[in-house]
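I opened the model to go through its helices, its core and its ring pairs. My entries follow in the order I looked things up.

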Amino acid sequence: MSATSVPQRYALSFTSGALLAREGVIAAPLFLNVRDWGLVRDQLRSENMLQARTASSGLRLAREVAQRLAVLTGPELELLREASPSERGHLMWVAACRRYAFIGDFAEEVVRERFLLFTPTLDYDDFDSFVRGKALWHPELAEVKDSTLQKLRSTVFRMLTEAGLLAGGEIVNAALSERVRDALDAQLPSDLRYFPVRDSKEVSL
């Protein structure tokens, strides 16, 4: 990064739910039918398809799942519709990483890096160190209240757990299916960078 370049502010509004895998599987087929995220949001909310407890939480959840799925490609959404539970988790993790550069950077620079260095433990201190380092370039992180930061931290760790990438404080090798791996490798650079995997040439399950 050059001395004059200013990094884009991190969006940090990802605390509605966690990985949203269940919600993603509900929303993806709706979009594939109408190809309009606005209509999908309206249907999710008006019919309370996400089973939200209140109208306001239903609106937030519908908006959030639509924003995340909007960063997936058409073939990825097709795959999500028929995915196995583990594939679903991996695709929704990719959606979170693409939608939120903060999560993507943490996945690539901390989770994957620690896995590749054979130091697969991951705890809250690693997250806090990442935030402190990024705050040098992202002053918006320094403005976040401690209580909000704790919520962001717990949400990211819950996402990792729900995606099957973290268990008992240990980073888990991502057992990506061949079709998910192919979808991620189609991106430039490859979105395998968001996962704890050792080699893109590794044999897929």
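Entry 1, helix H1. I looked up what the buried residues of H1 pack against, and found helix H2 (37–46), H3, H4 and H5. Helices here are DSSP runs of H or I with at least four residues, numbered from the N terminus. Buried means under 20% relative accessible area, exposed over 50%, and partly exposed in between, with a 1.4 Å probe and protein chains only. The model is predicted: local features need pLDDT of at least 70, side-chain atom pairs count only at pLDDT 80 or more, and totals for chains, interfaces and linings use all residues. Residues are numbered from 1 along each chain as its sequence is written, and side-chain values use heavy atoms, with hydrogens and water left out.

I listed the buried residues of H1 as Ala-21, Glu-23, Gly-24, Ala-27, Ala-28, Leu-30, Phe-31 and Leu-32. I then checked the length of H1: its 14 residues should span 20 Å at 1.5 Å a residue, and its end C-alpha atoms are 20 Å apart, which agrees. The expected span is 1.5 Å times one less than the number of residues. After H1 comes Arg-35, with a positive phi near 55 degrees.

Eleven of the 15 residues of H5 are buried, so I noted H5 as mostly covered. Among the buried ones are Glu-87, His-90, Trp-93 and Arg-98. The buried residues of H5 pack against helix H1 (21–34), helix H3 (55–69), helix H4 (74–81), helix H6 (101–116), H9 and helix H10 (178–185).

I asked which residues have the most contacts inside the largest nonpolar core. They are Leu-69, Trp-93, Phe-102, Ile-103, Phe-106 and Phe-195, in a core of 65 residues. A nonpolar core is a set of buried Ala, Val, Leu, Ile, Met, Phe, Trp, Tyr and Cys residues joined through side-chain atoms within 4.5 Å. Contact means heavy atoms within 4.5 Å.

I counted eleven aromatic pairs. Rings of Phe, Tyr and Trp (its six-membered ring) pair if their centres lie within 6.5 Å; planes under 30 degrees apart count as stacked, over 60 as edge-to-face and the rest as tilted. Phe-31 and Trp-37 are stacked, at 4.1 Å centre to centre and 10 degrees between the planes. Both Phe-31 and Trp-37 are buried. Tyr-124 and Phe-157 are edge-to-face, because their planes stand at 85 degrees with the centres 4.9 Å apart. This pair links distant parts of the chain, H7 (residues 124–134) and H9 (residues 146–162), with Tyr-124 and Phe-157 33 residues apart. Tyr-124 is partly exposed at 37% relative accessible area, whereas Phe-157 is buried at 8%.

A polar atom of the Thr-155 side chain lies 2.8 Å from the backbone oxygen of Lys-151. Not counting residues up to four places away in sequence, Thr-155 touches Phe-14, Thr-15, Gly-17 and Ala-18.

Conventions. Helix = DSSP H or I, 4+ residues; strand = E, 2+ residues; numbered from the N terminus. Polar contact = N/O pair within 3.5 Å; in protein donor to acceptor, adjacent residues only side chain to side chain.
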